Amino acid sequence: MVFLFATVEPLPAIPLTGANGRAVEFHQIESASPKGLVVKMTADSPAIGITWDKLDLAALQKDHPEIHAAYLRAQAGETVALGMEGAGAAMKEEAPAAPAPEEPRYPGWVDTKVGKVEYMLQMPASKPRGILLLSQDDFGDAFRWVMNHERGTGHWGIFQTKFDMALLSYMTGDPNRDPTKVEDFLFPEKGSGKALFTALSNFASKLKQPDLVDLPIAIYGTERSGAAFGYNFAQQHSERILAAVFYDGGFYDAEPTEASAKVPMLFMWGQYSNRPELWGTKNTTAPILAKAAPLKPLWTNAREFRGRGVMNAVVEHFGKQYLIAMVEARMPKDVPAAPPAADPAEEGAGEAAPSPAAASSGGVPILPELNRAEGSIGNVLTGEVKKITDPDAVLGEDETFLPNAVVIRYWKEFVLGELTAPEK
């Protein structure tokens with residue numbers, strides 16, 4: 001064995017450039033052999049070998065000619081003792097720091113953008129079984145009404161805790177404020193329906209919750225654009241809708257169908273509201289209910305006593321109670337147990353469990369139907385209620401379907417002007 005002792009001054013550390021172009025610092029270079037170098041990362045670490053093909057030999061010749069000379073001799077079969085040592089402990093090449101978790105744009109909500117429309121989702125604490133679409137506002141700024149909602153404790157928190165539903169809302173970003181200009185967003189067949197499902201797909205991927213794309217949906221839709229989009233969406237995708245609530249909307253342009261007639265829907269409208277006339281729409285609550293009457297729909301007509309079509313706490317309270325009653329009646333019951341999901345504001349919410357609802361071959365949940373024969377008939381003008389005796393009969397102009405005792409209670413007080421909202 002030939003010994004070659006380097007006489008260079010001790011270095012704080014000995015940097016060697018790898019074949020990948022990155023430099024790593026070592027505390028000690030012990031020897032060079034035909035196989036490579038024997039080195040130590042720190043004074044107390046065990047010796048390790050680095051094969052020559054792991055090093056940038058051109059950089060080695062430039063930066064450490066003494067080691068390169070040992071390399072040339074090692075290629076001839078020699079083992080060369082180097083004994084090079086840095087003055088301090090070596091520092092490993094630090095891996096790039098992991099990027100910090102992306103801060104949510106809206107605390108408590110996950111967001112995605114499809115075209116010009118932003119969608120926001122707030123997950124329940126457990127695995128979601130359904131979605132509550134909060135579709136409000138005159139001009140598409142639905143999210144501003146719920147952006148400060150606290151998960152599980154806010155106004156809509158019961159849907160997250162009792163029914164394990166995610167809250168979904170949106171902002172269209174349309175600067176239009178002309179009430180007579182009809183935006184395409186109001187009509188799902190023009191692209192907004194597909195965009196909503198694309199948003200759900202984006203959320204499913206981001207949160208690792210693939211079932212989101214097939215969950216049943218409840219709708220709370222109010223005012224000009226919010227109610228219109230909610231109503232038209234419910235007609236086009238009735239197989240996905242648990243129940244729906246609408247208040248004083250217009251542009252109810254989608255035709256009622258036999259399928260949508262089976263979805264429980266509540267239509268609240270102001271007795272003295274003239275807002276739809278200002279918008280230039282004739283497809284308002286009364287005409288659409290008359291058109292649907294021959295289908296014997298499970299829809300409820302709720303005229304707001306002396307109402308002028310202005311959103312208020314009573315309207316919101318009644319709509320919420322109706323949705324609670326109908327979601328309770330229609331949410332699929334055969335739901336497998338699942339561990340709680342992670343906080344939705346954090347990226348990655350854990351692995352998805354099996355689909356939470358009984359589903360058809362296409363993955364869409366099968367929703368229980370209400371039995372019309374078990375309902376009642378209410379008189380919108382007087383508040384009188386009687387049991388249904390002939391479920392196949394078409395109701396009169398001032399008559400409406402009432403699904404159960406809970407809805408009857410709130411409906412009667414609402415149409416008579418007696419309903420009050422609890423203090424928040």
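Colleague: Where is Leu395 found?

Modeller: This is a predicted model, in which local features need pLDDT of at least 70 and side-chain atom pairs count only at pLDDT 80 or more, whereas totals for chains, interfaces and linings use all residues. Residues are numbered from 1 along each chain as its sequence is written, and side-chain values use heavy atoms, with hydrogens and water left out. Helices (H or I, at least four residues) and strands (E, at least two) are DSSP runs numbered from the N terminus. On that numbering, Leu395 belongs to the loop between β17 (385-387) and β18 (399-402).

Colleague: Which term applies to Leu395, buried or exposed?

Modeller: Buried means under 20% relative accessible area, exposed over 50%, and partly exposed in between, with a 1.4 Å probe and protein chains only. Leu395 has 19% relative accessibility, so the term is buried.

Colleague: Which residues does Leu395 touch beyond four places in sequence?

Modeller: Contact means heavy atoms within 4.5 Å. Leaving out residues up to four places away in sequence, Leu395 touches Arg372, Ile377, Thr400 and Phe401.

Colleague: Ile377 has a bridge partner in β17; which residue is that partner?

Modeller: Two strands pair if DSSP finds at least two bridges between them. Strand β16 (residues 376-379) and β17 have three bridges and pair in the antiparallel sense. Within β17, Ile377 has as its bridge partner Lys386.

Colleague: Which residue in the hairpin of β16 and β17 takes a positive phi?

Modeller: This hairpin has five residues between its strands. A phi near 80 degrees is found there at Gly383.

Colleague: Which strands stand at the edges of the eight-stranded open sheet?

Modeller: The strand order is β8-β9-β11-β10-β12-β13-β14-β15, with mixed pairing. Each edge strand has a single partner, so one of its sides is left without a neighbour in the sheet. The edge strands are β8 (110-114) and β15 (299-304).

Colleague: What is the average twist from one strand of this sheet to the next?

Modeller: Axes are lines fitted to C-alpha atoms, for helices over the stretch in contact, and angles run from 0 to 180 degrees between N-to-C directions. From one strand to the next, the twist averages 15 degrees.

Colleague: Which residue is the bridge partner of Leu132 in β12?

Modeller: β10 pairs with β12 (residues 217-222) in the parallel sense, over five bridges. The partner of Leu132 in β12 is Ala218.

Colleague: At about what angle does α5 run to β12?

Modeller: Helix α5 (residues 223-236) is mostly covered, with 13 of its 14 residues buried. The helix lies across β10, β11, β12, β13 (241-247), β14 (265-270) and β15. Its angle to β12 is about 150 degrees.

Colleague: What covers the buried residues of α4?

Modeller: The buried residues include Leu196, Leu200, Phe203 and Leu207. An α-helix has 3.6 residues a turn, so residues three or four places apart point the same way. The cover includes β8, β9 (117-122), β10, β11 and α5.

Colleague: How many salt bridges are counted?

Modeller: A salt bridge is a side-chain nitrogen of Lys or Arg within 4 Å of a carboxyl oxygen of Asp or Glu. One of them joins Asp137 and Arg144, N to O at 2.8 Å; Asp137 is buried at 4% relative accessible area, whereas Arg144 is partly exposed at 46%. By this rule the count is twelve.

Colleague: How many residues apart in sequence are the parts that Arg177 and Asp141 tie together?

Modeller: Arg177 forms a salt bridge with Asp141, their closest N and O atoms being 2.8 Å apart. Arg177 lies in the loop between β11 (165-171) and α4 (192-207), and Asp141 in the loop between β10 (130-135) and α3 (157-161), so the separation in sequence is 36 residues.

Colleague: Which residues are linked with Asp138 in a network of salt bridges?

Modeller: Side chains of opposite charge can pair when their charged atoms come close. In this network, Asp138 is linked with Asp248 and Arg275.
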